[in-house]
Amino acid sequence: MRKINYADIVIIGAGSIGLAMAVKLLKTNFSFVVLERGDSVGANMLEWGHIPLFSNWEESTDEDARQLLEAHDISLPSLQNYPKGRELVRNYLVPLAELDVLRDKVSVAATVTNITYEKEIKLTNFKTTYLSNAKSYSVKSAVVIDASGTWGNFNRLASDLASDVLLYGIPDVVQHRYTYVQKEVAVVGSGHSAMNSLQALAELELNGLHWLIRGNAPKFGKSKVGGRSDGLEGNIQRLLKHQKVNLHPNFSINSINSTDGKLELHAESGARLEDIDKVIVNAGAIPDYSMLSNINVDLDTSFLCARSLAPKIDPKLHSCSSTSYAFEDTLLSPLPYFVVGMKSFGTASNFLLSSGYKVLDGLVEYLNSSYS
Ligand SMILES: Cc1cc2nc3c(=O)[nH]c(=O)nc-3n(C[C@H](O)[C@H](O)[C@H](O)COP(=O)(O)OP(=O)(O)OC[C@H]3O[C@@H](n4cnc5c(N)ncnc54)[C@H](O)[C@@H]3O)c2cc1C
């Protein structure tokens with residue numbers, strides 16, 4: 001992308017939501033740019049590209065984006081099939097970003113570091129600063145749409161253990177099987193990410209597989225998406241029943257000691273787990289607002305999302321498919337800085353792409369009525 005100084009709208013992040021927003025803006029008169037931190041669009045999703053989605057192709061993709069691809073004779077796999085993360089990136093996000101209509105507007109390897117807002121009468125109030133090839137650039141805009149997700153900004157354990165011992169995210173353990181075979185591995189976290197890690201690890205010849213959760217018991221049946229989570233949860237229940245996974249409930253990790261290459265995990269309850277070689281931490285991710293210099297966002301303290309959204313997405317009350325919200329619920333600030341996609345849910349993990357795309361339609365409508 002050629003470097004430009006001004007666009008009506010700056011979109012941060014070229015994941016599924018950022019690119020869908022870009023597609024929708026093609027139907028408006030707004031000028032826009034998309035700034036993506038990774039070397040490829042969908043960079044976050046590529047990090048868990050080996051994981052199959054619970055949503056099928058139709059649910060995982062935006063209708064306007066599908067139509068745009070179709071108009072360029074690019075077809076997707078059967079919409080009723082279930083993509084892996086990397087398939088969604090390769091067959092959907094990359095072809096979208098390479099279309100003539102979008103190519104010049106999407107910039108990869110462009111990491112947004114700072115956003116400032118100046119009160120002026122005119123509309124060009126935001127200055128978004130980003131790093132590209134170690135150089136700093138900035139672009140002014142009337143509106144910023146933050147679709148930068150939460151992946152990568154993980155809840156971390158208080159430990160300075162090396163990253164080959166304490167792993168975050170959902171590592172592809174099958175591809176890197178020799179890192180894990182004949183090892184004692186502990187997985188921390190109770191959600192589907194942890195279950196995905198456990199399911200893959202259970203296929204390998206380990207010395208032991210441990211599941212550390214904070215609660216009394218795993219929470220199955222909380223989040224049903226297209227029936228697919230039933231399969232994963234059913235597998236984990238079977239692994240527990242056949243003692244292929246050793247469950248450690250009420251194990252809130254307090255500290256980890258490392259002696260002679262072996263780890264000792266201590267829980268707040270006083271419980272202890274010894275002789276562990278690797279710990280995979282799937283304890284969720286949090287939205288990062290550090291790029292905002294002088295923009296105050298009003299956050300719900302439990303989920304770090306918009307206050308009016310919190311009761312509508314509280315995972316204790318709503319599964320992925322029972323959340324119901326509109327664009328207005330996601331507003332964090334009176335300024336035209338809009339947070340969309342996974343990041344709009346804060347620390348709640350029950351965001352679904354299909355509902356996120358609908359929210360973008362509401363946002364485009366709002367932008368058209370307020371800024372055209
Ligand atoms: C393992 C897993 C499975 C999931 N399965 C499903 C499913 O089946 N169905 C479903 O609907 N949802 C699912 N989700 C939830 C959610 O839909 C996905 O996380 C989805 O990728 C969120 O899209 P997004 O565009 O909001 O964020 P992301 O995909 O995280 O995209 C954000 C983009 O912003 C970029 N970025 C970040 N910071 C910056 C910065 N400072 N400057 C510039 N760019 C930046 C990132 O590189 C990234 O490309 C799943 C999530 C996970 C983790």
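# Charged pairs, a helix and a ligand shell

The backbone oxygen of aspartate 164 lies 2.7 Å from a polar atom in the side chain of lysine 278. The model that shows this contact is predicted. Lysine 278 is a buried residue without a salt bridge, although the count of salt bridges comes to eleven.

**Lysine 278**

- Lysine 278 is placed in strand E14, which covers residues 278-281.
- The nearest side chain of opposite charge belongs to aspartate 164, and it is 4.8 Å away.
- A salt bridge requires a side-chain nitrogen of Lys or Arg within 4 Å of a carboxyl oxygen of Asp or Glu, so lysine 278, with its nearest opposite charge 4.8 Å away, has none.
- The contact of 2.7 Å is made by the backbone oxygen of aspartate 164.
- Leaving out residues up to four places away in sequence, lysine 278 touches Asp164, Val165, Leu167, Thr179, Tyr180, Glu184, Val185 and Ala186.

**Salt bridges around lysine 24**

- Aspartate 64 and lysine 24 form a salt bridge, with their closest N and O atoms 2.8 Å apart.
- This pair links distant parts of the chain, since aspartate 64 is in helix H4 (residues 63-71) and lysine 24 is in helix H1 (residues 16-25), 40 residues apart.
- Both aspartate 64 and lysine 24 are buried.
- Lysine 24 also meets the side chain of aspartate 361 in a salt bridge, at 2.8 Å from N to O.
- Here too the pair links distant parts of the chain: aspartate 361 is in helix H10 (residues 353-371), lysine 24 is in H1, and they are 337 residues apart.
- The relative accessible area of aspartate 361 is 36%, and this residue is partly exposed.
- Lysine 24 has a relative accessibility of 4%; the cut-off for buried is under 20%, so lysine 24 counts as buried.
- A network of salt bridges links Lys24, Lys27, Asp62, Asp64 and Asp361.

**The salt bridge of aspartate 277 and lysine 262**

- The side chains of aspartate 277 and lysine 262 form a salt bridge, 2.8 Å from N to O.
- Aspartate 277 counts as buried, at 10% relative accessibility.
- Lysine 262 is partly exposed, with a relative accessible area of 34%.

**Helix H4**

- The buried residues in H4 are Asp64, Ala65, Arg66, Leu68 and Leu69.
- An α-helix has 3.6 residues a turn, so residues three or four places apart point the same way.
- The buried residues of H4 pack against H1, helix H3 (57-60), helix H5 (85-98), helix H6 (100-103) and H10.
- At the start of H4, a side-chain oxygen of aspartate 62 comes within 3.1 Å of the backbone nitrogen of aspartate 64.
- Just after H4, aspartate 73 has a positive phi of about 60°.

**The ligand and its shell**

- There are 29 residues around the ligand, and Glu36, Asn44, Phe54, Ser55 and Leu353 come nearest.
- A polar backbone atom of isoleucine 17 is 3.1 Å from an oxygen atom of the ligand.
- A polar backbone atom of arginine 37 is 2.9 Å from a nitrogen atom of the ligand.
- In serine 55, a polar side-chain atom lies 2.6 Å from a nitrogen atom of the ligand.
- The ligand taken alone exposes 980 Å², and the protein buries 92% of that.
- Two or more residues of the shell come from each of H1, helix H2 (43-47) and strand E4 (111-117).
- H2 gives the largest share of the shell, three residues.

**Isoleucine 256**

- Isoleucine 256 is placed in strand E11, residues 253-259.
- Its relative accessible area is 12%, and isoleucine 256 is buried.
- Isoleucine 256 and leucine 161 are 95 residues apart along the chain, and their C-alpha atoms are separated by 8.4 Å.
- Apart from neighbours within four places in sequence, isoleucine 256 is in contact with Leu157, Leu161, Leu166, Leu263, Glu264 and Leu265.

Conventions. Residues numbered from 1 in each chain as written. Predicted model: local features only at pLDDT ≥ 70, side-chain atom pairs only at ≥ 80, totals over all residues. Heavy atoms only, no water. Helix = DSSP H or I, 4+ residues; strand = E, 2+ residues; numbered from the N terminus. Buried < 20%, exposed > 50% of the residue type's maximum accessible area, 1.4 Å probe, protein only. Lys, Arg positive; Asp, Glu negative; His and termini not counted. Polar contact = N/O pair within 3.5 Å; in protein donor to acceptor, adjacent residues only side chain to side chain. Contact = heavy atoms within 4.5 Å. Near = heavy atom within 4 Å. Areas by Shrake-Rupley, 256 points an atom, 1.4 Å probe, with all protein chains shown as cover.
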